[in-house]
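My entries follow the structure.

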Amino acid sequence: MKDFLLVAGLLAAPTSASVQQSKASPAVKQNDPRLSRLQKFFGDRDCPLRDSAKDFLLAADQNQLDWRLLPSISIIESSGGKYYGNNNVFGWGSCKEKFTSVRAGIHFVAAQLGKSRRYKGKDIDSKLQMYNPLPDYSQRVKAVMRAIGSCSQPRLLAAD
């Protein structure tokens, strides 16, 4: 029965995320410097989302987002996956949105920030202002982005 439930859970993942993954950029390679940087960042803080580092990178690449944006939001909203409910590590929908898995939440929020009418074409400051209009929210997220650091990847967008 456990095997069936696991399979059913995998099949319940959002179709759009699955389709985008197959059409989008190749999988994140183990030697990608962003992967080791993100795993180290989460690991140094004992964050459960360390194991989701590849998903963060895939979702960012597929949605033309700075690879540090989603992990940084997760740090601010859930302490990197330490405190959250409903597989929602981003506080999406005032923490009321439910996702079938953390992975599904990562890909959903990335698609929203990268391609939805509300966020598409906006710079990081504008996206963050729409995401959470509190006066210091954008600065707090960008401070985490700077703490994660940078790697010379062509998809990076300025966080400052």
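I looked up helix α5 (residues 69-78) and helix α7 (residues 124-131), which pack at about 35° with axes 13 Å apart. Helices here are DSSP runs (H or I, at least four residues) numbered from the N terminus. Axes are lines fitted to C-alpha atoms over the stretch in contact, and angles run from 0 to 180 degrees between N-to-C directions.

I noted that Leu 69, Ile 73 and Glu 77 of α5 meet Ile 124, Leu 128 and Tyr 131 of α7; contact means heavy atoms within 4.5 Å. By class, this contact has 5 nonpolar, no polar and 1 charged residues, with Tyr counted as nonpolar and Glu as charged.

I checked confidence next. This is a predicted model, where local features need pLDDT of at least 70 and side-chain atom pairs count only at pLDDT 80 or more, while totals for chains, interfaces and linings use all residues. Residues are numbered from 1 along each chain as its sequence is written, and side-chain values use heavy atoms, without hydrogens and water. The chain averages a pLDDT (the predictor's confidence in each residue, from 0 to 100) of 84, and 78% of the residues score at least 70. Over residues 1-24 the pLDDT is below 50, and this stretch has 12 contacts beyond near neighbours in sequence. For residues 153-160, also below 50, I found 23 such contacts.

Note on methods. Helix = DSSP H or I, 4+ residues; strand = E, 2+ residues; numbered from the N terminus.
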